[in-house]
Amino acid sequence: MNGLSRLRVSDLRIGTPLKGATWFRAQHAFRIFVSLIFLFVLFHEPRFLYGDGWLEIKDKHFVVFYNLSQDESLARSVLRKAEDYYDKIAYRVGYQRYSDFWTWDDRVKIMIFSDQKTYQKKTGQPAWSLGYSTRDSYLFKSRSIVTYRQQGEFVDGLLPHEISHLVLKDLIGFDRKIPVWFDEGVAQLQEAKKKEDAYVLMKNLVSQGQYVKFDALMKGDIRGETDARKIMIFYAQSLVMVDFLIKEYGNDAFIYLCRELRQGKTMEDAFKTAYSSIGSIGEFEKKWLREFGQ
Ligand SMILES: [Zn+2]
């Protein structure tokens, strides 16, 4: 028993003077309580982060916040699509088997600023940023996707991309490192038209012997890279690798791979178990190259 749990409601009754250590503990408990309420409000209430005037609509897994009443139809379409993307990605990686995440107060918040200028000013994001996702605090599990009113790119690209990142992070574990190629490959699966373009690019590159060797990819992290061409190849190859696995070996094996990663295995070990018919990452590379006639 610690000091906090010994405090009874009757100790805090108005008119009952508290003495010495008990009074100190009561004050201490009250301060902790106030701080927790403040943090709860801060992480749960976007209006405290980004200012007043937010309108909201919600469904099972998402709450969409928007600034202007004329953005309501956009907000509704974003909400509908977000729920749809969620169902598809959850099915793909086996997320719905564990429990029904992201419901009630745990819903993911999608913030749509009315214009790019306000978005940049309030979030501090660079001019090229179309949006981003955060998973602010493990304690409060506040997940948000933040963006602004724009044409096409968000709803068909960034939205499914960021939802996939959040689902995968929750599935595999907040504190586990997900290989970047795998994370980005899964995130791009539902982006409109991305797959076709990636296959065309990789077919062309592989025929010239230009692709990222798989053992380098397993250890690589593209996040510090500045060479635009390398970044483009990395993303396209990651998508084609993940799509190839699902297309050739089915969704159950892919879910098995995700489950092994969730249990803390390295990608190499998880891969060997889930894809025993392939055997190793090296064999995967050979089979993948054959897809492109190599
Ligand atoms: Zn990404």
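The report below treats the strands and then a helix pair.

This is a predicted model, in which local features need pLDDT of at least 70 and side-chain atom pairs count only at pLDDT 80 or more, whereas totals for chains, interfaces and linings use all residues. Residues are numbered from 1 along each chain as its sequence is written.

**Strands**

Helices (H or I, at least four residues) and strands (E, at least two) are DSSP runs, numbered from the N terminus, and two strands pair if DSSP finds at least two bridges between them. Strand S2 takes part in both pairings tabulated here.

| Pair | Sense | Bridges | A bridge |
|---|---|---|---|
| S1 (residues 55-58) and S2 | antiparallel | four | Lys58 with Val63 |
| S2 and S3 (residues 108-113) | parallel | five | Phe62 with Val108 |

A hairpin of three residues connects S1 to S2. Because four of the five residues of S2 (residues 62-66) are buried, this strand is largely enclosed by the rest of the structure; buried denotes 20 or more other C-beta atoms within 10 Å of the residue's own, with C-beta atoms placed from the backbone.

**Helices**

Helix H8 (residues 194-207) packs against helix H10 (residues 228-262) at an angle of about 105°, and their axes are 9 Å apart; axes are lines fitted to C-alpha atoms over the stretch in contact, with angles from 0 to 180 degrees between N-to-C directions. The two helices, H8 and H10, are therefore roughly perpendicular, a term covering 65 to 115 degrees.

Technical notes
A residue is buried if 20 or more other C-beta atoms lie within 10 Å of its own, exposed if 12 or fewer, and partly exposed in between; C-beta atoms are placed from the backbone. Angles under 35 degrees count as roughly parallel, over 145 as roughly antiparallel, 65 to 115 as roughly perpendicular and the rest as oblique.
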